Amino acid sequence: MIVRFGYVAMSLEIQDSSPSKTMTMARFSKLPDREAGLRELERIAAVNLHNTLRLLRHNVAEGIHMYRFSSKLIPLATHAELQDWNPFAALAEPFAEIGDYVRRHGLRVSFHPDHYTVLSTPRPEVLISSVRDLRYHVQMLKAMGLDARSKNNIHIGGAYGDKPAAADRFVEHFKELDPDIQCRLTLENDDKTFTAGETLAAAQRTGLPMVLDIHHHWVNSAGEPASDWWPEVARTWESPLARIDVPEGEHLPPKIHASSPRSATDRRSHADGVEAGPLLEFLWEAAKTSSHLDVMLEAKHKDRALFGLMRDLEAYEGEGVKRLSGGSVEILP
């Protein structure tokens, strides 16, 4: 099984490369010239996009072919008071440059909209803002010229005192989304509410591909190994919805999230790095049924954690692990 690793948004190795520089609404509201303020937001966004391209170049140089974009590329883009502002015309060139680089180097990129983007909500105003946020993420991917292989990963959302009803609302609200939003979504189990099994059921009902978070599963399960769910989860990546925009003959590998707990008393928070041993236990099992797998590392130390994991995996050479590049390995079951 070929496994590619990626990291989230920020680099600890490249100086002054934040793709999430921002301006608060409080500061924006105090500016005497609104149009000048909008131009300043666009300037900040241009810096974020420039830094994103720097990070992608860093990744390619290191042999890393997975990356999660920051959702904060355009400050205040979804704020209710700025809905008359369209920043994409001013940012067309840097967005297109990123998309061109992604395509030329065959990178797998994604977004993870923030936790307040919830389709299980019973509140109409929250649903409206959630759909607006999903539309924003799709607009960014389209501005890059990227097809539906580039996804926006979300959770089901809250249970609101009735988990089955919340799951039903998620399915109903999903069906009301525009098709171009639907085909760019993936669904992930969370660490408090919806388990891997419950998330899988929702994925199967909607046709969404599921991202299995093995850390979330560890803290929100009955104790069964995450690998027990893998064959069914992997099959969600073969659904018609998951196959949209995948060229004939190509394969979009299933994707998981991996991280390690910060401590024995803080099991939900992410540690600085990722322990190789528990991750390998899952990968060896997954390799029995899958040929390719992409792993997004959700560690506090970002790319530095990825480099550390790759060094640790070298210790397993001869035990079914073969390093292929700076961000990929082959796992033999």
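A: Let's start where Glu 188 stands opposite Val 211 in β6. Here β5 and β6 pair in the parallel sense, over 2 bridges (DSSP must find at least two bridges for strands to pair). Helices (H or I, at least four residues) and strands (E, at least two) are DSSP runs, numbered from the N terminus.

Before we go on, please remember that this is a predicted model, in which local features need pLDDT of at least 70 and side-chain atom pairs count only at pLDDT 80 or more, while totals for chains, interfaces and linings use all residues. Residues are numbered from 1 along each chain as its sequence is written, and side-chain values use heavy atoms, leaving out hydrogens and water.

Back to strand β6, residues 210–213, which is covered on both faces. On one side Met 210 and Leu 212 are buried, and on the other Val 211 and Asp 213 are buried too. (Buried means under 20% relative accessible area, exposed over 50%, and partly exposed in between, with a 1.4 Å probe and protein chains only.)

Which residues of α5 are buried? They are Ala 166, Ala 167, Arg 169, Phe 170, Val 171, His 173 and Phe 174.

Helix α5 itself runs over residues 163–175, which makes 13 residues. From its first C-alpha to its last it reaches 19 Å, close to the 18 Å expected at 1.5 Å a residue (the expected span is 1.5 Å times one less than the number of residues). At the start of α5, a side-chain oxygen of Asp 162 comes to within 3.2 Å of the backbone nitrogen of Ala 165. (A polar contact is a pair of N or O atoms within 3.5 Å; within protein, one must be able to donate a hydrogen and the other to accept it, and residues adjacent in sequence count only if both atoms are side-chain atoms.) The charged end of Lys 163 sits over the ring of Phe 194, 5.7 Å from its centre (for a charge over a ring, NZ of Lys or CZ of Arg is within 6 Å of the ring centre and within 35 degrees of the ring normal).

Where is Thr 121 found? It is in the loop between β3 (108–111) and α4. Thr 121 is buried, with a relative accessible area of 1%. Its side chain reaches the backbone nitrogen of Arg 123 at 3.0 Å.

For contrast, look at another loop residue, Arg 262, between β7 (255–258) and α10. Arg 262 is partly exposed, with a relative accessible area of 49%. It touches Ser 269, His 270, Ala 271 and Lys 300, not counting residues up to four places away in sequence. From Arg 262 to Ala 203 is 59 residues in sequence and 29 Å in space, C-alpha to C-alpha.

Terms used. Contact means heavy atoms within 4.5 Å.
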